[in-house]
Amino acid sequence: MTTTNPTRAAVVAAPSRRRRPPWKGATPYLLVLPAVVLELLIHIIPMLVGIWMSFIQLTQFFIANWSQAPFVGLDNYKIALNFSSSIGQALFHSFTVSILYTLIVVGLAWLFGMSAAAVLQSGFRGRGGLRTLFLVPYSLPIYAGVITWSFMLQRDNGLVNHVLVNNLHILGSSPFWLIGNNAFFSMAIVALWRSWPFAFLMIMAGMQSIPDEVYQAAAVDGASVWQQLRHITLGMLRPVNVVLILMLFLWTFNDFNTPFVLFGATPPPSADLISIHIYDNSFINWNFGLGAAMSVLLLLFLLVVTGLYLLITNRRSRRA
Amino acid sequence: MKARLISTVVTVLAVSATAACGGGGASTSSSSGASKTLTYWASNQGSSLQADQAVLGPELAKFQKQTGVKVNLQVIGWPDLLNKILGATTSGQGPDVLNIGNTWAASLQATGAFVPFDTKALTAIGGQDKFVPASFATGGVVGKPVTSVPLYGLVYGLYYNKKMFADAGLQPPTTWQELQAAAAKLTIPAKNQYGMVLEGGSYTESVHFAFIFGQQNGGQPFDASGKPTFTSPGMVSGVKQYVDLVGKDKVVNPSNVQYKNGPEAPGDFAKGKAAMLMSQNNADNTLQADGMKSTDYGVVAIPTPSPLPAGGKDVASFVAGINLSIFKNTKNQAAALQFVKFMTSPEEQTILDKPFTALPVVKGGTVNFTDNKAEADAFAAVLATKAVPLPLVPAESEFETNVGNAVNGLLAEAATGKNVTTTEVKAALQAAQDKMAAAG
């Protein structure tokens, strides 16, 4: 008899304990709070400051005292988007270079990653070694990797010309890889080298979640390797690919490190990607208002593209 | 109840985050305030940041002994210096005293971030009269108190390899035509030997030569009202004179257009891959580090075309060098002025000019960075009679980047075999000028 008493007391006490401190309800908020505060400090507030900067004439005359900078409304945007002026033309040129660069790098990175993952899906000796080897460019620090390329691409002492001209005699005279139009292709190759292992990693992980039974069933039904790849692998990898291509697109379009390390602060016109173009307008020409306006335009462009992309891919997947 | 608790927690956290930021700021200012400590950003003048620290360390200790003011030294590499200064200007969190490239003086003056050296401040550092006038003139725009005073003087000279010239039976050139002829004679691509070496990927070098050769051809980058005139015939001819070394004259290894780091071009000269080098006098450091003795090379003024084009001036350099500025947000201006006085004193100049291969910027100083008297005389003469300051206008830094990059682009075209004509030079300079107009 006496033993039941405490239990009953506990049962009775339980609802009142639940009512006592409202911690339970607050816990989720408290848990996300540090993230929210940091997100505000690191991303949102600087972004809002950047948007504000784009409406003021923040040139060298005002950087020591921002509040004095005159409000110019949309003037910075007008300068950036006036495609008959030098600045507008240069921005448009930089935009087209970035688009072309992104198409080439993302397309080939996906293709290389897909091919390598497909080949390495079947077990064979040395598979682990190859996987590790393929991931090396991704695991190297960006600066170390790209600066090595810049040494290799030097005209006189570079490894690339040494192999192509002196050893293999494919080319008669040593071309420049880091100036003129070749600079674009050099930059694209370096970026491809750096980003395809990520595509490979993601696709490989995605492929491992496809059950073997599906392939076996398809094989029993007489599907060829190509048909299996097309209908099973690609089909089941779709969610992975949707995210992968979006990430690669955003990273590549915004790429700053590759041109900056390869060419320095002012790349040749053929390799003038949008991020470094904005950097030049801000830090080299000391016109932070104009740089900020270009950044906002870039942000808008990326938001629109990302929004459309997600809308289209989601609609398709819902239909499927 | 719940909402109130959450809002309280948010407020507490937000306040503590702000307080943390405030605390950081306060501690920074107190370190440069009450305890009589100055922070000094020195530019990299010697062969490495460590070497500069070794040179400046004992001098700063001497200053502390004399005045009781401790100086925290940070040596900053050239690629980072301007960005760090702009960052400090924007945030108001900077050093007390800093070195600047003197060509930035007018542009940085416009930011208002530096203490103007008015009469009182000038008296505190020993008076304007102690400085070499040409060097002092680089401190800021005409008609306003300067915001920087000269520290180390540099000018361009034409270095030539004595042995290569003697073997070819050549004398150092006295006209541009003689330079072209000598360079052509000494260019033997099969032996990987060229008449001249350039730092053709560096926009600062390119704009310096655009200015120097522009002056020789009667051009001015800015008119009297401060408007850019990059496409004036003199500027176009000047740029063409420089680009032609790679294009028409073919006396430069085309690979030079990739050179953008200080030691590359002097390195080629030291290794005998090029017979001539147009460089500032601090190239001595690299040449000697690469194994040359000061008797192996001679220095003359960069020659002008003969006869001098209409309106042209006998200019062989601009007044290059490093200036000292005091950051306006300093909590210790008196100590900062003391430090500037110390660094620009004749005694310190004599000590520092040697390791930093600099020309004296105070009167009565002698060139002591080289034991080669002819070289010392040549550089001193260029500074005294053939050097003019770069344009002292706020847009100077934009002039440097826009024109410098335009010239780099032309050099790259010339190196890849394109024929760079006057029309193309003019178009490139026009594009550079358009950027100035729209951005300003």
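Guide: Two residues are in contact if their C-beta atoms, placed from the backbone, lie within 7 Å. The model discussed here is predicted.

Visitor: How many residues of domain 2 of chain B are in contact with domain 1 of chain B?
Guide: Chain B is divided into domain 1 (36-154 + 319-384) and domain 2 (156-318 + 389-439). Their C-alpha centres lie 27 Å apart. By the 7 Å criterion, domain 1 of chain B contributes 26 residues to the contact, and the number from domain 2 of chain B is 24.

Visitor: Which helix of chain B gives the most to the side of domain 1 that touches domain 2?
Guide: Helix 4 (105-111) and helix 15 (373-385) of chain B each supply at least two residues of that side. With five residues, the one that gives the most is helix 15 of chain B.

Visitor: How many charged residues are on the side of domain 1 of chain B that touches domain 2 of chain B?
Guide: That side of domain 1 of chain B comprises 26 residues. Of these, 15 are nonpolar and nine are polar, while the charged residues number two.

Visitor: Which helix of chain A supplies the largest share of the side that touches chain B?
Guide: The contact between the chains takes 32 residues from chain A and 35 residues from chain B. On the side of chain A, helix 2 (23-53), helix 4 (86-119) and helix 13 (274-284) each supply at least two residues. The largest share, six residues, comes from helix 2 of chain A.

Visitor: How many nonpolar residues are on the side of chain A that touches chain B?
Guide: Chain A gives 32 residues to this contact. Eleven of them are polar and two are charged, and the nonpolar residues number 19.

Conventions
Residues numbered from 1 in each chain as written. Chains lettered and ligands numbered in written order. Predicted model: local features only at pLDDT ≥ 70, side-chain atom pairs only at ≥ 80, totals over all residues. Helix = DSSP H or I, 4+ residues; strand = E, 2+ residues; numbered from the N terminus. Nonpolar A, V, L, I, M, F, W, Y, C, P; charged D, E, K, R; others polar. Domains from an automatic or database assignment.
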